[in-house]
Amino acid sequence: MKNIVILISGRGSNMQAIVNAGIAGARVAAVIANRPDAAGLAWAAERGIATAALDHKAYPSREAFDAALAEAIDAHAPDLVVLAGFMRILTAGFTRRYEGRMLNIHPSLLPAFPGLHTHERALEMGCKLAGCTVHFVTAELDHGPIVAQGAVSVQDGDTRDSLAARVLKLEHQLYPEAVRRFAAGELSIVNGKVASGPAAACDLMSPPPSYKV
């Protein structure tokens with residue numbers, strides 16, 4: 001049984017999708033937030049999942065917060081750490097600690113549009129496709145080895161919010177599947193790239209039916 005610790009900053013909709021997926025061979029051991037008022041903490045607690053809140057504002061430095069966060073995570077002996085809307089830039093030391101066993105989902109087709117405001121930027125550039133990327137976390141922001149990607153068509157009249165809503169729906173399908181593949185031992189990193197079976201990622205031009213949005 002693989003222990004998963006999920007980090008959130010808000011409602012944690014991707015956290016909810018992973019919990020609700022009931023992934024075989026895995027259990028969500030804890031949900032940890034950097035904001036005490038994160039709505040996802042109550043949702044997790046109601047389902048009997050251990051929760052903790054570490055207010056990043058209470059720490060004198062980013063390194064001090066990351067050290068406390070690592071201690072809280074390690075108390076649950078995690079096999080995998082999952083970032084689910086965790087809005088903190090992590091230090092290089094923290095990412096090295098969980099190298100190869102920490103996943104993130106980003107709302108763009110990386111390497112395009114790392115960072116914030118991804119949907120606005122995609123619309124401004126006139127992109128015909130938008131989407132999301134599950135990747136292993138490294139010290140470089142939004143640049144780790146890619147596990148899976150899914151795409152949606154950008155429609156005439158799309159706004160930031162309408163595009164974000166369709167991409168989020170796709171995230172809720174893609175992320176639990178990526179976690180499942182990790183728990184099943186189907187993912188490995190070889191020469192900086194993810195080596196896995198043929199079903200590990202969406203084909204961006206013709207995604208499998210379960211990933212169409």
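Analyst: Contact here means heavy atoms within 4.5 Å. This is a predicted model, in which local features need pLDDT of at least 70 and side-chain atom pairs count only at pLDDT 80 or more, while totals for chains, interfaces and linings use all residues. Residues are numbered from 1 along each chain as its sequence is written, and side-chain values use heavy atoms, with hydrogens and water left out.

User: Which residues does Val 31 touch?

Analyst: Leaving aside residues up to four places away in sequence, Val 31 touches Ile 6, Ile 8, Met 15, Leu 41, Ala 44, Ile 49, Ala 50, Thr 51 and Ala 52.

User: Which residues touch the most other members of the largest nonpolar core?

Analyst: In soluble globular proteins, nonpolar side chains tend to be buried together. A nonpolar core is a set of buried Ala, Val, Leu, Ile, Met, Phe, Trp, Tyr and Cys residues joined through side-chain atoms within 4.5 Å, where buried means under 20% relative accessible area, exposed over 50% and partly exposed in between, with a 1.4 Å probe and protein chains only. In the largest core, which has 39 residues, Ile 6, Val 31, Val 147 and Val 179 touch the most other members. Helix 6 gives the most to this core, with nine residues; helices are DSSP runs of H or I, at least four residues, numbered from the N terminus.

User: What is the relative accessibility of Cys 132?

Analyst: Cys 132 has 0% relative accessibility and so counts as buried, whereas Cys 127 is partly exposed at 24%. A disulfide is a pair of cysteine sulfur atoms within 2.5 Å, and the whole structure has zero disulfides; for Cys 127, the nearest cysteine sulfur, that of Cys 132, is 14 Å away.

Technical notes:
Helices (H or I, at least four residues) and strands (E, at least two) are DSSP runs, numbered from the N terminus.
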